[in-house]
Amino acid sequence: MPSTSRTDSIPQVWRVAILGTIAALPATVIINWLPNSEATLGGGVMLVGSLLAGAVAVTRSVAPGAAGFRGGFLGGVSAVAVFLVTDGTTVSWSLNLAVFFLIAVVMLLSVSPVFGMICGRIGGWVANTVTESTGAHAS
């Protein structure tokens with residue numbers, strides 16, 4: 001009998017991207033503790049989350065670039081959401097400001113998946129390199 005679980009309906013690449021996004025939250029907090037670090041939640045999710053998603057994707061036979069691309073998109077969405085919750089509530093929204101904000105959101109959501117894809121590929125490469133080097137020494 002087929003399983004009707006909700007997690008079965010989510011594609012594997014999205015599960016890996018969401019896992020990387022969730023794993024990037026504590027990593028972003030730790031990076032923020034470093035001196036002179038001003039990492040934002042969206043930036044941490046976009047870069048660190050995509051890197052982690054790419055590393056996990058390799059172990060699950062998913063394309064690391066695709067997982068990183070989706071992780072970058074989730075990072076862009078989280079950056080927009082954080083802005084709207086924190087600073088967006090205090091801004092007096094004129095028509096010009098609203099149009100500028102919409103253009104900026106479209107640009108952010110267009111560029112962040114590309115950075116995520118690059119970081120996902122780097123994460124996949126690192127995971128492959130580490131597993132190959134440890135496998136060669138174990139034999």
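Helices here are DSSP runs of at least four residues, numbered from the N terminus. All views show a predicted model.

**View 1. Lining of the largest pocket.** The largest pocket holds about 160 Å³ of space. Its lining includes Ala-79, Val-80 and Phe-83, together with Val-91, Trp-93 and Leu-97. Phe-100, Phe-101, Ala-104, Val-105 and Leu-108 also line this pocket. Two or more lining residues come from each of helix H4 (64-86) and helix H5 (95-138). H5 provides the largest share, six residues. Sorted by class, the lining has eleven nonpolar residues, no polar residues and no charged residues.

**View 2. Helix H3 and its bend.** Helix H3 covers residues 41-59. Its 19 residues, at 1.5 Å a residue, should span 27 Å, and this agrees with the 26 Å between its end C-alpha atoms. At Gly-49, H3 bends by about 30 degrees. Just after H3, Ser-61 has a positive phi of about 55 degrees.

**View 3. Buried residues of H3.** Gly-49, where H3 bends, is one of the buried residues of this helix. The glycines Gly-42, Gly-44 and Gly-54 are also buried, as are Val-45, Met-46 and Ser-50. Ala-53 and Ala-57 complete the buried set of H3.

View 4. Thr-21 belongs to helix H2 (residues 12-33). Thr-21 counts as buried because its relative accessibility is 15%, and buried means under 20%. Leaving out residues up to four places away in sequence, Thr-21 touches Val-45, Gly-49, Gly-71 and Leu-74. Val-45 and Gly-49 are among the buried residues of H3.

Definitions and conventions:
Residues are numbered from 1 along each chain as its sequence is written. This is a predicted model: local features need pLDDT of at least 70, side-chain atom pairs count only at pLDDT 80 or more; totals for chains, interfaces and linings use all residues. Side-chain values use heavy atoms; hydrogens and water are left out. On a 1 Å grid over the protein atoms alone, a cavity is a set of points where a 1.4 Å probe fits but cannot get out, and a pocket is an open set with protein on both sides within 12 Å along at least five of seven lines; lining residues have an atom within 4 Å of a point. Grid points are joined across faces, edges and corners, and a volume is the space filled by probe spheres set on the points. Ala, Val, Leu, Ile, Met, Phe, Trp, Tyr, Cys and Pro count as nonpolar, Asp, Glu, Lys and Arg as charged, and the others, Gly among them, as polar. The expected span of a helix is 1.5 Å times one less than its number of residues. The bend at a residue is the angle between axes fitted to the seven residues ending there and the seven starting there. Buried means under 20% relative accessible area, exposed over 50%, partly exposed in between (1.4 Å probe, protein chains only). Contact means heavy atoms within 4.5 Å.
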